[in-house]
Amino acid sequence: MQVPFHKYTTIPLQQPTPKLFFSLSHMALCSPRFLTLLLLLSAIPIGIIVTLERAQPATHVYHYHSSGWFRECAKWDSHHRRFIVSFFEGGLGQVKLPEKDSESSSSSPPLEEATVVKDAHLAGNASLGIAIDPPRNRVLVVNADVIGNRYGALAAYDLSTWNRLFLTQLSSPSDEKSFADDVAVDAEGNAYVTDIKGNKIWKVGVEGKLISIIRNPLFSAKEWYKNLVGLNGIVYHPDGFLIVIHTFSGNLFKIDLTKGEEVKIIKVKGGTLSFGDGLELLSPTKLVVAGNPSGRLVESSDGWNTASVVGTFSGPKHRLASAATVKEGKVYLNHMVGIGYPKKKHAIVEAVF
C-alpha cells in the first residue's frame with residue numbers, strides 16, 4: 001500500500017559534516033580539471049624564468065655550477081684569481097677562473113664551485129657576508145642563526161691553507177635576538193659586523209677579540225616596520241670611516257672612526273636607496289649598492305657628507321642581487337638564488353652604469 005505524499009510534508013535534510021566537506025574538497029582538488037589548471041598556472045612562471053635564463057645577457061656574466069641553492073655573497077680575490085662565495089647552508093666555496101679568462105663571452109661553459117670551508121663548529125648556521133683582507137691573507141665570514149636569531153659569530157680563515165684563525169661569538173641565546181649579516185675590515189685589521197635585526201655594529205679586533213658594540217638612535221627608523229630589515233651592507237673607507245646602509249629605510253650612514261665613532265646620516269639625492277643590500281667601494285668617491293634594483297651607483301664629492309645616485313643597473317629580472325664586488329676595475333653583482341637541478345647555476349653579473 002502506498003502512502004500518499006501530502007504537499008506540505010517536509011523531509012529532513014542530512015546536515016553536512018566536516019567529513020563530507022573534506023570529501024567534496026578532496027574530490028575537487030584531485031579532479032583532472034583542477035590539476036590541469038594548476039599545472040598550467042605553474043608552467044607560466046616556470047616558462048618565464050626559462051625564457052629569461054636563455055636570453056642573451058646585456059653584460060658579461062660568470063656562471064658557475066653549485067650544489068646549493070643560495071649563495072649570499074661573492075667577493076673577488078685578486079691575488080688567487082678567484083671568487084670566494086658564502087654558502088647559506090654554511091661554509092665557503094671558491095670559483096676559480098681559467099688562465100685565459102675571456103670576459104667578452106658569456107656563452108662559455110659554467111665554471112665549477114669547490115667547497116673550501118665546512119666548519120663543524122658552525123653547523124646549522126648560515127654563512128653570509130664576507131670580506132677579504134689581503135694584507136693579512138685572510139677572509140672574514142659572518143655566520144648567523146637565520147631562523148631563530150639566537151646565534152651570531154665572525155670567523156677568519158687563512159686564504160692559502162683555509163685554516164681557521166679565530167671564531168668569535170657575537171651573540172648567544174641569552175642575548176637579545178640579533179642577525180649578524182655583513183662585515184668590513186679597516187686598515188688595522190679590525191672587523192665591523194652589522195646586526196640587521198638589532199641595528200647595531202659589533203667591533204672585533206684583529207686577533208678576534210670582541211672589543212665593543214656601536215649603537216646609535218639614528219640606526220633605527222621611525223616606522224617600526226622599516227626596522228624589520230635594518231643595518232645591512234657595510235664598507236670601510238680609506239679616510240677612516242664606515243659607510244653602512246639600512247635596507248628598508250634606505251638610509252646611508254657615515255660612522256667616523258677618527259671622531260669617536262660619530263654617526264651621521266648621509267644626505268642622498270637623485271634617487272632612493274631603499275632595499276639596498278651589499279655595498280662595495282668602486283673608488284674613494286664612488287659606492288656600489290646591490291639590491292633591488294640590481295645595482296645603484298652613488299657618488300660623493302664632499303667626503304660622504306652628501307651623495308647622489310648617479311647611475312642604476314638592471315640585471316636579470318628573475319634573479320636577486322645581494323652583494324657587489326670589484327674585479328679589475330669592473331663591478332660584479334652576486335645573485336643569491338641558483339637555478340637548475342641537480343646542479344644549480346649561479347650568476348655573477350657585470351654591472352655597467
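## Cavity and salt-bridge tour

Start with the lining of the largest cavity: its residues divide into 3 nonpolar, 4 polar and 5 charged. This is a predicted model. Select Glu72, Cys73, Lys75, Gly129, Asp181, Asp182, Asn232, Asp277, Gly278, Leu279, Ser322 and Ala323 to show that lining. The structure holds 1 cavity of 30 Å³ or more. Now colour strands S2 (71-77), S10 (180-185), S18 (276-283) and S22 (321-327); each supplies at least two lining residues.

Stay with Lys75. Lysine 75 forms a salt bridge with glutamate 280, with the closest N and O atoms 2.8 Å apart. Glutamate 280 lies in strand S18 and lysine 75 in strand S2, so the pair ties together parts 205 residues apart in sequence. Both residues are buried.

Next, select arginine 71 and glutamate 113. Their side chains meet in a salt bridge at 2.8 Å, N to O. Strand S2 holds arginine 71 and strand S5 holds glutamate 113, so this pair links parts 42 residues apart in sequence. Arginine 71 is buried at 0% relative accessible area. Glutamate 113 is buried at 14%.

Move to alanine 114, also in strand S5 (residues 111-117). At 34% relative accessibility, alanine 114 is partly exposed. Beyond its neighbours within four places in sequence, alanine 114 contacts Leu92, Gly93 and Gln94.

Now pick glutamate 328 and arginine 81. They form a salt bridge, closest N and O atoms 3.0 Å apart. Glutamate 328 is exposed at 54%; arginine 81 is partly exposed at 30%.

Last stop: Glu176, Asp195, Lys200 and Arg215, linked in a network of salt bridges. The whole structure has 15 salt bridges.

Notes:
Residues numbered from 1 in each chain as written. Predicted model: local features only at pLDDT ≥ 70, side-chain atom pairs only at ≥ 80, totals over all residues. Heavy atoms only, no water. 1 Å grid on protein atoms, 1.4 Å probe; cavity = no way out; pocket = protein on both sides within 12 Å on 5 of 7 lines; lining within 4 Å. Points joined across faces, edges and corners; volume = space filled by probe spheres on them. Helix = DSSP H or I, 4+ residues; strand = E, 2+ residues; numbered from the N terminus. Nonpolar A, V, L, I, M, F, W, Y, C, P; charged D, E, K, R; others polar. Buried < 20%, exposed > 50% of the residue type's maximum accessible area, 1.4 Å probe, protein only. Contact = heavy atoms within 4.5 Å. Salt bridge = Lys/Arg side-chain N within 4 Å of Asp/Glu carboxyl O.
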